[in-house]
Amino acid sequence: QLQIVESGGGLVQPGGSLTLSCIGFGFTLDDYTIGWFRQAPGKEREGISCISSGDGRTYYADSVKGRFTISRDNAKNTVYLQMNSLKLEDTAVYYCGADPPDITSVQDMCRSPSTVAYWGQGTPVTVSS
């Protein structure tokens, strides 16, 4: 059975860094388009970074471009989100999602979180001084 588990969230000061991990169980992450999404209290879930299956094309939302980096480690069946220069407005629960690659492009996945096929349980990130 396909399972996604996120980890790495926590409390960090503004300007700090965190690395989130998304691990796949029961399937190979590199066979899927993978995305990182976040949902702040009272707001809709938004796609912030997605990476394609195979060739590793990436997409970043404008709000995180230049600060966040998505990457894969296929040997560990893991997708990472390196977050630098964190801001108060980055506070949210961060979710990892997976879509079959023949269904969606990396950009479309990030822009349409309501259509993502598989989700992890989320990991909270709090940016506070």
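A: Cys50 and Cys110 are both buried, where buried means under 20% relative accessible area, exposed over 50% and partly exposed in between (1.4 Å probe, protein chains only). This is a predicted model, in which local features need pLDDT of at least 70 and side-chain atom pairs count only at pLDDT 80 or more, while totals for chains, interfaces and linings use all residues. Residues are numbered from 1 along each chain as its sequence is written, and side-chain values use heavy atoms, with hydrogens and water left out.

Q: What joins Cys50 to Cys110?

A: A disulfide is a covalent bond between the sulfur atoms of two cysteines. Here a disulfide, taken as a pair of cysteine sulfur atoms within 2.5 Å, joins Cys50 to Cys110 with an S to S distance of 2.1 Å. The torsion about the S-S bond of Cys50 and Cys110 is 105 degrees, and the link is right-handed. This pair links distant parts of the chain, with Cys50 in strand β5 and Cys110 in helix α1, 60 residues apart; helices (H or I, at least four residues) and strands (E, at least two) are DSSP runs, numbered from the N terminus.

Q: How many disulfides does a search of the whole structure find, and what is the pairing of the bonded cysteines in sequence order?

A: The search finds two disulfides, and the pairing, with the bonded cysteines numbered in sequence order, is 1-3, 2-4. Cys22 lies in strand β3 and Cys96 in strand β9, 74 residues apart. Cys22 has a relative accessible area of 0% and is therefore buried, and Cys96, also at 0%, is buried.

Q: Which residues of the largest nonpolar core touch the most other members?

A: In soluble globular proteins, nonpolar side chains tend to be buried together. A nonpolar core is a set of buried Ala, Val, Leu, Ile, Met, Phe, Trp, Tyr and Cys residues joined through side-chain atoms within 4.5 Å. In this model the largest such core has 26 residues, of which Ile34, Trp36, Phe68, Val79, Leu81, Met83 and Tyr94 touch the most other members. The elements that give two or more residues to this core include β3, β4, β5 and β9, and the largest share, four residues, comes from β9. A second, separate core of seven residues includes Phe37, Cys50, Tyr59 and Val116.

Q: Is Asn77 buried or exposed, and which residues does Asn77 touch?

A: Asn77, in the loop between β7 and β8, is buried because its relative accessible area is 16%. Leaving out residues up to four places away in sequence, Asn77 touches Cys22, Ile23, Gly24, Phe27, Thr28 and Leu29, where contact means heavy atoms within 4.5 Å. The side chain of Asn77 reaches the backbone oxygen of Gly24 at 2.9 Å, and a polar atom of that side chain lies 2.8 Å from the backbone nitrogen of Leu29.

Q: Where is the place of Val106?

A: Val106 is in helix α1, residues 106-111, and counts as buried because its relative accessibility is 9%. Val106 and Thr58 are 48 residues apart in sequence, with 6.7 Å between their C-alpha atoms. Not counting residues up to four places away in sequence, Val106 touches several residues, including Cys50, Thr58 and Tyr59.

Conventions: A polar contact is a pair of N or O atoms within 3.5 Å; within protein, one must be able to donate a hydrogen and the other to accept it, and residues adjacent in sequence count only if both atoms are side-chain atoms.
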